[in-house]
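Visitor: Could you walk me through this one while I have it open?
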Amino acid sequence: MREAIFDSFLKRADREAGGEGCAQFLALRDRAVTRTAIAGTLWPEASEEHAHASLRSALSRLNEIERTVVRVTFQDLSLADGVSIDIRDARLLTHRLLNPGTGRDSDLSDQAIATLSVDLLPDWYDEWAVVEAEDWRQLRLHALDALAERLTAAGRYADATSAALAAVKAEPLRETAHAALVRVYLAEGNRAEALSAFEHYRALLRAELDLEPTSLIQALVKDLQQP
Amino acid sequence: MPLDHTGLLIIRAWVEQGSSKRLRARIRLTTDVAAGFASETTLADVNAVSAAVEAWLQDVLLNRRPP
């Protein structure tokens, strides 16, 4: 059984069903969680008694899909055996990309770029969800940099450009992403695009922060600029 | 009696080595999470970040939407 945490029931239906995020929380923890821990996390401002009551109420309102993936015991909750969660696979992908020598050919794929381009639970504002979302965001930003670098080394410049642009889109003022994009264009011999990408970043940085790009990225295009 | 509301402010800060101002702080905020995030901005100065947090707290207190 496979459940997608990015854009399937874990993102939408649970809110509509009033499950209060139990399934999402368990999917992200990826292990058994005591009732006390999950109640305290999902209802941090409630007393322990009220938090437990809220948990019981939420469990009674799990929708049909959630009932099949959540295992409930007297003491704890976990995902049912055999449930596969795509955030788990996505995290493994980032770790392979960020650790040299651990990649697979299949990691250099359109699917990998698509996976790393998606925010986690973007419309959730619960404290636990925000922390998880930020953790995933950091992971995916660095993984996109690494993916762009590996695709460039493999001579797959179009895909490398997509990966670098996804990193830029995720954090427009992060210089590392812009530098990765410039490197892709330089590697494929597209000097005009490299310079254009740099100029775009410089204009953005000036407009937003009244700052200049660092010498590190300037050095990449030093020979391309007119005196 | 006005309804309770919860504000949320997230600062993601990082350092750009080699920049004349090394700090980058991406701020996403809302004064009412029920309405979603109201604004996003990036700042490069500690005092500016502090001022943004202070202004947000005032907005939360007054139940005011940020500009």
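Guide: In chain B, strand β2(B) pairs with strand β3 (residues 39-43) in the antiparallel sense over five bridges, where strands are DSSP E runs of at least two residues, numbered from the N terminus, and pairing needs at least two DSSP bridges between them. This is a predicted model, in which local features need pLDDT of at least 70 and side-chain atom pairs count only at pLDDT 80 or more, while totals for chains, interfaces and linings use all residues. Residues are numbered from 1 along each chain as its sequence is written, and chains are lettered from A and ligands numbered from 1 in the order in which they are written.

Visitor: Which residue of β3(B) stands opposite A25(B)?
Guide: A25(B) faces L43(B) there.

Visitor: And how many bridges join β1 to β2 in chain B?
Guide: Eight bridges link β1 (residues 8-15) to β2 (residues 23-30), and these strands run antiparallel, with L9(B) opposite L29(B) in β2(B).

Visitor: Switching to chain A, how is it divided?
Guide: Chain A has domain 1 (2-82) and domain 2 (87-221), with bounds taken from an automatic or database domain assignment. The contact between them takes 11 residues from domain 1 and 10 residues from domain 2, contact being C-beta atoms, placed from the backbone, within 7 Å.

Visitor: What gives the most on the domain 1 side?
Guide: That is α2(A), with four residues.

Key:
Two residues are in contact if their C-beta atoms, placed from the backbone, lie within 7 Å.
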